[in-house]
Amino acid sequence: MSALHALAVFNRLPILLFMAWRNIWRNPVRSALTISALAGGLVMVILYSTLLEGMTRQMVKFATEISTGHIQVQRQAFIDDQDLYATLPWSYLQTLEQQFPNIHITPRLYSAALASAENTSTGVLIKAVDAQREAAVTQMLSHVRRGELNLAVAETLDDGLIRYNVVIGAQLAKNMNLEPGSELVLVTQAADGSIGNALYRIAAILKPLEPSFDRMGVLMSIEAYQQLMYLQDGFHELSIKLDDATSLEDVQAALDTKLKLIMTSQSLDALGGVPVVRNWRQITPAIADMLELSKTMNFIIGFIVVGLASMGMLNTMLMAIHERRHEFGVLLAVGMKRRWLLLMVLFESFFLALVSAFVGSFIGIIFAAYFEDHGIDFSASMPDGYDWAGMVFEPVMKGYLEPAHVVNACVLMIFVTLFASLIPSWRIARLKPVEVM
Amino acid sequence: MALLTLQGISKHYLQGELQVNALSDINLNVEEGEFAALVGPSGSGKTTLLNIIGGLDAPTQGLTQLNNTDITGLSEAELSDFRLFQLGFIFQAYNLVPVLSALENVELVMVLQGRHANERRERAEHYLQLVGLQDIMQRRPSALSGGQQQRVAVARALAAGPRLVLADEPTANLDSENATALLDIMHRLSHEEKTTFIFSTHDPRVMERAERIITLHDGKIVSDECHQRHHEPTI
Ligand SMILES: Nc1ncnc2c1ncn2[C@@H]1O[C@H](COP(=O)(O)OP(=O)(O)OP(=O)(O)O)[C@@H](O)[C@H]1O
Ligand SMILES: [Mg+2]
């Protein structure tokens with residue numbers, strides 16, 4: 001019986017679709033207005049998600065390409081309280097580089113220091129990197145604003161002392177009134193407990209990338225760091241970049257296993273704790289949270305905009321059904337089933353939504369492509385971009401068109417409008433065939 | 001056994017406190033193949049009666065038997081099927097779906113019946129030819145005159161193969177020339193197809209083409225007479 005039922009609907013489907021398609025062009029102006037409202041809503045949703053996606057991609061890029069890298073390795077004590085002595089031996093780096101030839105690894109060392117120049121002094125954070133390796137992992141070193149990137153020896157003084165080049169953050173340079181070529185004295189407590197101090201030459205000033213580095217960062221070579229700090233035996237941090245970010249968790253697990261294995265042959269002191277392998281989501285949970293939030297935001301904004309636009313659909317269908325009471329009465333009288341009539345009206349909304357989806361995504365993609373190429377340029381008012389939530393955003397806010405978002409927005413719109421048109425369709429259920437005589 | 005039997009049909013409406021007796025105690029038999037007119041002044045209950053016969057409205061009291069089925073006992077879905085297969089309807093105006101051509105309008109009821117496409121098309125063309133519209137089958141209703149639209153409605157009603165065709169003032173919107181022409185077509189087809197017709201009218205020139213005239217007054221049958229036709233069909 002139900003199979004027969006299904007067959008009955010199937011047989012009548014073509015005529016219902018045919019009538020529905022013709023019906024939406026009965027009042028072309030009204031249909032065009034409805035389609036404009038829905039398509040306009042869709043364009044807005046696509047643009048919004050394009051800009052949001054652009055922003056989140058910038059955040060991910062910031063996290064993975066500019067400062068953090070995809071994965072980091074540090075010892076527990078370094079993570080907990082920047083313990084200067086919680087280093088990993090250099091042999092670990094060599095072993096890992098041999099074992100994982102397809103990933104890029106760079107070592108880093110850190111220390112707090114007091115910087116003085118002319119008549120100002122301030123607390124700074126020394127970050128020591130291997131310029132070559134670092135360049136393969138992050139873009140930090142390529143964002144020079146003034147001067148020339150150079151972490152090598154600047155000069156060797158008569159008394160045999162070596163003067164190194166350093167690179168500093170833009171805000172620090174401004175606060176201390178430093179220029180490329182200026183001199184800077186760093187004073188710190190070295191690993192052996194003595195007071196280390198040395199004179200450096202500013203080679204370059206970096207663009208603002210990471211707010212903390214911008215305010216107090218001093219970048220130097222590992223060699224220079226070792227000279228200042230008397231800390232030869234190891235490094236504080238490994239930052240790792242993958243060519244294929246989708247294998248993040250796998251590589252992370254493999255690194256973890258490998259490190260445990262290395263530890264059995266090259267044991268570590270107990271104080272520094274075990275090496276911990278974390279991916280960028282774990283290191284910067286705020287960004288990971290933002291990504292989740294932006295997904296939700298996309299959905300909520302989409303729902304609101306599409307929901308408002310589908311009020312237009314609701315109104316159109318209400319009018320269309322009201323106008324055709326007589327016609328529907330005739331159809332019911334001659335033996336049309338109420339549910340087929342209902343189906344026909346739902347097809348009408350579906351077609352309207354479908355046409356809107358095509359028009360809206362076409363226009364939306366054109367606009368989104370523009371934002372992808374040109375973006376919104378804030379560089380006149382904010383040449384350095386702006387920092388927010390511990391990240392620095394580029395002054396040109398570029399969108400990213402994610403095709404899945406367009407598809408999702410279309411599907412969302414079709415569902416919401418069909419749902420909205422169920423309300424007027426309810427009138428059909430109450431229609432009496434007798435009213436037409 | 002008559003095709004249609006009405007027993008003690010009454011229909012009351014409540015207008016506020018006041019009870020309107022649209023129909024009171026109607027008893028009527030209509031035989032297979034009859035061509036009957038329902039006449040009477042405005043408000044006498046013609047439409048109400050046709051609606052009850054067509055299962056579009058339920059009587060307050062009484063029994064309607066059509067083709068041995070008591071239609072007062074049918075559910076909405078059963079009534080819908082009953083109308084689809086047993087009855088044809090011609091209304092006063094706007095019978096047709098505006099977005100379908102004349103041919104598609106005639107086919108529509110047969111689509112709902114689930115007939116095959118070839119049979120549908122053949123029958124639709126045949127009946128449109130019988131009502132004289134073979135040359136303008138592809139036109140939409142808006143491109144047809146009122147008389148032509150009503151003829152499409154006749155073709156639609158008959159193509160579905162009903163036992164009984166109900167028509168409520170099918171000529172009300174037509175001039176007398178078109179009205180008599182439509183009646184002649186209906187009469188001829190009633191004979192050729194052996195289909196029973198019951199139609200209501202105000203128009204004396206239409207009335208005189210009926211073979212039986214049932215007169216209503218204040219919801220009661222006041223006369224019911226067989227009629228010798230003055231004119232033979234002209235087409
Ligand atoms: N829905 C209703 N509610 C209340 N009274 C109604 C309703 N429908 C019909 N009536 C009343 O029933 C009576 C019969 O109406 P009906 O429409 O059957 O008359 P009719 O003979 O078809 O008239 P006309 O020639 O004007 O079409 C009228 O008095 C009318 O006012
Ligand atoms: Mg009437």
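Predicted model: local features only at pLDDT ≥ 70, side-chain atom pairs only at ≥ 80, totals over all residues.
Angles under 35 degrees count as roughly parallel, over 145 as roughly antiparallel, 65 to 115 as roughly perpendicular, and the rest as oblique.

Residues are numbered from 1 along each chain as written, chains are lettered from A and ligands numbered from 1 in the order written, and side-chain values use heavy atoms, without hydrogens or water.

**Stop one: ligand 1**

Select ligand 1 and its shell of 13 residues, where B:Ser42, B:Gly43, B:Lys46, B:Thr47 and B:Thr48 come nearest (near means a heavy atom within 4 Å). By class, the shell has three nonpolar, eight polar and two charged residues; Ala, Val, Leu, Ile, Met, Phe, Trp, Tyr, Cys and Pro count as nonpolar, Asp, Glu, Lys and Arg as charged, and the others, Gly among them, as polar.

Strand E1 (4–15) and helix H1 (46–53) each supply at least two shell residues, and H1(B) gives the most, with three.

Next, the polar contacts (N or O pairs within 3.5 Å). Which distance separates a ligand 1 oxygen from the side chain of B:Thr48? It's 2.5 Å, to an N or O atom there. A polar side-chain atom of B:Thr47 sits 2.7 Å from a ligand oxygen, and a polar backbone atom of B:Gly45 is 3.0 Å from one. The protein covers 63% of the 630 Å² of accessible area that ligand 1 has on its own (Shrake-Rupley, 1.4 Å probe).

**Stop two: helices of chain A**

Select H13(A), residues 338–373, and H14(A), residues 403–430: their axes come within 8 Å and cross at roughly 150° (lines fitted to C-alpha atoms over the stretch in contact, with angles from 0 to 180 degrees between N-to-C directions). So H13(A) and H14(A) are roughly antiparallel. Their contact has 17 nonpolar, six polar and two charged residues.

Notes
Polar contact = N/O pair within 3.5 Å; in protein donor to acceptor, adjacent residues only side chain to side chain. Helix = DSSP H or I, 4+ residues; strand = E, 2+ residues; numbered from the N terminus.
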